[in-house]
Amino acid sequence: MTTYPDTTPEPDLEVTPPKTKAAGLPAVAKSLGMAVTQMGVGRTAHNLLRLNQVEGFDCMSCAWPDPDPKHRHTAEFCENGAKAVAWEGDTRRIGPEFFAEHSLDDLGTRTEYWMGQQGRLTEPMVRRPGSTHYEPISWDSAFALVAEHLNGLASPDEALFYTSGRASNESAFVYQLFARAYGTNNLPDCSNMCHESTSVGLADTIGIGKGSVSLDDIHEADLIVISGQNPGTNHPRMLSALEIAKHNGAKIIAVNPLREAGLLGFMNPQKPRGLAGRPTDLADHFLQIRSDGDLALWQALGHLLLRRGAVDREFISEHTVGFTAYAEHLKEIDRDEVLAATGLTWAEIEKTADMFASATKIVNCWAMGITQHRNAVATIKEMVNVALLQGMIGKPGAGLCPVRGHSNVQGDRTMGIWERSPDEFLDAVRDEFGFEPPREHGFDAVRAVRALRDGKAKVFVGLGGNFVAAMPDTEVTEAALSGAELTVQISTKLNRSHVVCGNTALILPTLGRTERDESGGRTQRVTVEDSMSAVHASRGRTEPASDQLRSEVGILCGIADATLGDRYGIPWRGFAGDYDLIRDRIARVVPGCDDYTEKVRRKGGFTLPHPPRDSRTFPTRHGKAVFSVSPLAAVQVPDGHLVLQTLRSHDQFNTTIYGLDDRYRGIHHGRRVVFIGAADLAELGFAEGETVHLVSEWADGVTRRAEDFRLVEYSTPKGCIAAYYPETNPLIPLDSTALESNTPTSKWVVVRLERPATN
Ligand SMILES: Nc1nc2c(c(=O)[nH]1)N[C@H]1C(S)=C(S)[C@@H](COP(=O)(O)OP(=O)(O)OC[C@H]3O[C@@H](n4cnc5c(=O)[nH]c(N)nc54)[C@H](O)[C@@H]3O)O[C@H]1N2
Ligand SMILES: Nc1nc2c(c(=O)[nH]1)N[C@H]1C(S)=C(S)[C@@H](COP(=O)(O)OP(=O)(O)OC[C@H]3O[C@@H](n4cnc5c(=O)[nH]c(N)nc54)[C@H](O)[C@@H]3O)O[C@H]1N2
Ligand code: SF4
Ligand SMILES: [Mo]
């Protein structure tokens, strides 16, 4: 096995004061600069003008929705969308010569940044057992090789079919169909590491695991709460929506351990004055909360609102169950416990409750700062409690707004990428395709690693993504994947998961969103669903990076055809040649997708049904929304230890590193930094600028380390520090996961700092 290349020296690392506003001129200049370097001038203009346009392609970066067709700008993109387009539009290529030159051992020493800078993959490559290099293979031989391995397994449950959330609805539908026809529900996905806590928390309480707002609701709200999210970097165009809301009179509350630039102020690059003028002040009230203090905060808010009688009695009696037990639970609250958990003052919490009490339309947004904690599901249910208390679901300008990550992660779930798809979905697959899908739940992402580690799984197929680098406990995950008989990665660019691979390994290069898809001799389009359940078409137009690339649908159908032949009579070849044939099946299988083919042809697409949003009906087992009661379980941190949250810099997309700057936080030319408060530095006897090792000690007795990080003094609550992912993933124990959702606790890692030995 190769060693994790996590100690590359960063001699040019520079730290400047963090920014207090996001976007504006530097952002536009930066994105165009990067786009032009990687794509060339013509290709850049061509692509960027089609980004998020009705006849163009959907931004492959985040899942933030597009404005309705009437309200789109000519340049309907943000800096990070442009970076994603530039990264995919890379004019450099890596083909057989590259792989002949670079052995697996060599590639094993390279960083993600380096790998992403080599260019687009151009043809299928195979690593034969024991070989030191990848070598070319034809598409047909590659498909036959996958089929041979899959058909040779003792049980279909020894195969794992992973999906990253960039896959289109058509590829997702075909993929889950293949996995189930082959005989397994082992469909782990990036959602398992991401918003799974949201899906679980919302399904239990409102009966559907998706957010309940539209873009118009954000514009119309009079109070917007943003918890555990850094929109200036990760959902930049959300700031435009917030600006409109502010203009319409909304107040904004931000809840975050860090004073993220995008939460404080915004210069809209789409408006002339935003390029150089004054920023819009975004947050009216900023709660600098301690890590995982959110459950306590929302309980305190519930308590205060109950005491003030700021409740919607009619909504509660008509649409909910469990109110009495909830109200009883929060009648009294241990203030000291709340203050200790949140690190806030009671006055700050009371001010928050005042703002809630006087608001009539509240939208509540959240992301990874909420979902990647041990108590994540309980925290989300507590947020739902407060929304139910005030009747803030299913009326204009109000609702729950989990902000999804990958551009189509929500769509992939809708299409059946789920290791625990409900029986009704599986029944519909059976009725449509005439076979009985397996009913036993499959492995999620964490269980998939355990299965590989324990020899219970032998084949791993990745539809996009970078599983090895995205998952926690890098050493364990890498050993698990290296032990696979076969790994298959369907990718656009080189990453760590191609290098830490199975005994036999395939790289199958695919078309990206920006590229023309002429599969079957006709121009194909695909469809996607955003964070607000809006579904629409996406069509790339640029020349593919290589004439050997195949579409994701084409590759999946090739694998399925080679593995299953005409078992159950599923027309894989037909699907590959005409995606309308897939859409016709989606229409008959996936709830809410009737007339799918026709509806996605409409300008702007259509929005999927959402009973709580549409009619205040709650499809839970009670037929009503559910108040829940959660104990306030404060997690203890031993003396001399800190809680580390692992997050994204401004120049990355998950494991893809576009550049080495994090402009808003004042970090330049490097990533190996730890943000730490002045009080902790003083108390632990360290100085700003010192290099330290991070050591994580967990209940399993294993000591995990990540070495050589520079300490950067930063405004963050006492005891709470932050550093970038994926460099810190070796510190997160595989078994440290959220209750109920099994999501790795990427925002809660107990660590200590260690001074490197000097000799
Ligand atoms: N440019 C770009 N865009 C992206 C991505 C990317 O990597 N780059 N990734 C995409 C994906 S897949 C996702 S899931 C989203 C992620 O979007 P975010 O959730 O915004 O991503 P993170 O960088 O993980 O930021 C988490 C935020 O939560 C805060 N936080 C941490 N712990 C706590 C806590 O205990 N309580 C509270 N209240 N806040 C906390 C952190 O300080 C930080 O501001 O972005 C998507 N969009
Ligand atoms: N410590 C820590 N770990 C985390 C997180 C965290 O906050 N902290 N966040 C978690 C979250 S929220 C997520 S979503 C996961 C992300 O996990 P993944 O989704 O697995 O990872 P990505 O980095 O998004 O995947 C990038 C790769 O996708 C491939 N790719 C890009 N575009 C395409 C395309 O169009 N088609 C195909 N087939 N492939 C493409 C490229 O080869 C690229 O290298 O990471 C999780 N891991
Ligand atoms: S906000 Fe997200 S989807 Fe929209 S352009 Fe920016 S990166 Fe793309
Ligand atoms: Mo994510």
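**Strand pairing, nonpolar cores and ligand shells**

In strand S29, Thr703 is the bridge partner of Glu697. The model is predicted: local features need pLDDT of at least 70, side-chain atom pairs count only at pLDDT 80 or more, and totals for chains, interfaces and linings use all residues. Residues are numbered from 1 along each chain as its sequence is written, chains are lettered from A and ligands numbered from 1 in the order in which they are written, and side-chain values use heavy atoms, with hydrogens and water left out.

**Strands around S28**

- Strands (E, at least two residues) and helices (H or I, at least four) are DSSP runs numbered from the N terminus, and two strands pair if DSSP finds at least two bridges between them.
- S28 runs antiparallel to S29 (residues 703-713), and 6 bridges join the two.
- The hairpin of S28 and S29 has 5 residues between the strands, and Gly701 there takes a positive phi near 80 degrees.
- S28 is also joined to S31 (residues 749-754) by 4 bridges, again antiparallel.
- His693 has Glu754 as its bridge partner in S31.

**Nonpolar cores**

- A nonpolar core is a set of buried Ala, Val, Leu, Ile, Met, Phe, Trp, Tyr and Cys residues joined through side-chain atoms within 4.5 Å.
- The largest such core has 61 residues, of which Phe161 and Trp572 touch the most other members.
- Helix H8 (residues 169-182) gives the most to this core, with 9 residues.
- Another core, of 52 residues, lies apart from it and includes Tyr326, Ala341, Trp346 and Phe356.
- Beyond its neighbours within four places in sequence, Trp572 is in contact with Val174, Leu177, Phe178, Cys557, Ala560, Asp561, Leu564 and Gly565 (contact means heavy atoms within 4.5 Å).

**Ligand 2**

- There are 32 residues around ligand 2, and Tyr162, Ser164, Ala470, Glu552 and Thr655 come nearest (a residue is near a molecule if one of its heavy atoms lies within 4 Å of it).
- Oxygen atoms of ligand 2 lie 2.6 Å from a polar side-chain atom of Thr655, 2.7 Å from a side-chain N or O atom of Ser164 and 2.8 Å from a polar side-chain atom of His406.

**Ligand 3**

- Asn52, Cys59, Ser61, Cys62, Trp64, Phe77, Cys78, Gly81, Pro236 and Arg237 surround ligand 3.
- This shell divides into 6 nonpolar, 3 polar and 1 charged residues, where Ala, Val, Leu, Ile, Met, Phe, Trp, Tyr, Cys and Pro count as nonpolar, Asp, Glu, Lys and Arg as charged, and the others, Gly among them, as polar.

Notes:
Buried < 20%, exposed > 50% of the residue type's maximum accessible area, 1.4 Å probe, protein only. Polar contact = N/O pair within 3.5 Å; in protein donor to acceptor, adjacent residues only side chain to side chain.
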